[in-house]
Amino acid sequence: LATLKGLLGHHALYVGLQKVVGADRLRYRCLSELKLRDGETVLDIGCGPAYYVGRLPDVRYFGFDTSQRYIDHARSRWGSDKVEFHCEIFGDEHLPKVGRVDAVMLLGLLHHLSDEESRTLLRLTAAALAPNGRVIAVDTCFEPNQGRVSRWMSRNDRGEYVREPDGFTALAREYFDDVTGEVLATTTRVPGSFWMMRMASPTRVETPAEAPATAT
């Protein structure tokens with residue numbers, strides 16, 4: 001398993017495995033949930049090789065990932081004046097660059113992050129979201145009804161922070177008033193359980209630029 005996880009750093013193997021097991025269907029389901037429209041701005045954090053960009057309407061797109069291989073491939077395949085890729089961790093310094101976005105995608109990301117890392121990401125996501133914007137996330141999860149194969153898959157996922165749905169939801173509700181979700185258990189070809197979570201209506205989140213100055 002360790003060898004396989006290492007090989008997934010290569011974009012062609014990653015995309016190939018996604019299609020073999022049907023994980024690409026999870027991404028397409030999330031795109032369908034977002035109902036993206038021409039002219040909107042999309043922020044994709046943890047975009048990987050972004051093989052689904054060709055399915056997007058005429059949007060302004062920002063993709064962030066920490067794998068240089070994935071980003072190089074995505075740039076060569078999709079880069080344009082409307083599609084940008086950055087090999088960086090999305091942070092406060094990027095908020096002015098992307099501006100207010102209509103949709104944020106966190107596809108297969110939160111189960112790779114600790115609770116504190118997830119809070120940082122969700123705070124940034126809430127700060128970046130435009131009024132009436134929406135966020136979609138999908139992650140491997142543990143859930144009571146999953147079978148043995150599905151549970152084995154969850155336990156051996158590359159992510160170190162696979163949670164039950166309530167765990168993901170509790171984190172999201174710290175930053176969003178409107179949080180709903182559902183378990184997807186029949187979407188992929190290989191048995192698996194995934195929590196698809198929708199987030200909207202951010203709570204008031206103070207960014208560093210908005211923080212009051214400290215008296216000296």
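Predicted model: local features only at pLDDT ≥ 70, side-chain atom pairs only at ≥ 80, totals over all residues.
Local features need pLDDT of at least 70 and side-chain atom pairs count only at pLDDT 80 or more, while totals for chains, interfaces and linings use all residues. Residues are numbered from 1 along each chain as its sequence is written, and side-chain values use heavy atoms, with hydrogens and water left out.

**View 1. Glu 33 and Arg 198 form a salt bridge.** The closest N and O atoms of this pair are 2.9 Å apart, where a salt bridge is a side-chain nitrogen of Lys or Arg within 4 Å of a carboxyl oxygen of Asp or Glu. Glu 33 belongs to helix α3 (residues 23-34) and Arg 198 to strand β7 (residues 194-202), so that the pair links distant parts of the chain, 165 residues apart (helices, H or I, of at least four residues and strands, E, of at least two are DSSP runs, numbered from the N terminus). Both residues also take part in a network of salt bridges with Arg 29 and Glu 182.

**View 2. Glu 84 and Lys 97 meet through their side chains in a salt bridge.** The N to O distance is 3.6 Å. Because Glu 84 lies in strand β3 (residues 83-86) and Lys 97 in helix α5 (residues 95-98), the pair ties together parts that are 13 residues apart in sequence. Glu 84 is buried, with a relative accessible area of 17%, whereas Lys 97 is partly exposed at 48% (buried means under 20% relative accessible area, exposed over 50%, partly exposed in between, with a 1.4 Å probe and protein chains only).

**View 3. Arg 119 forms a salt bridge with Glu 116.** Their closest N and O atoms are 2.6 Å apart, and the two residues, three apart in helix α6 (residues 115-128), are separated by about one helical turn.
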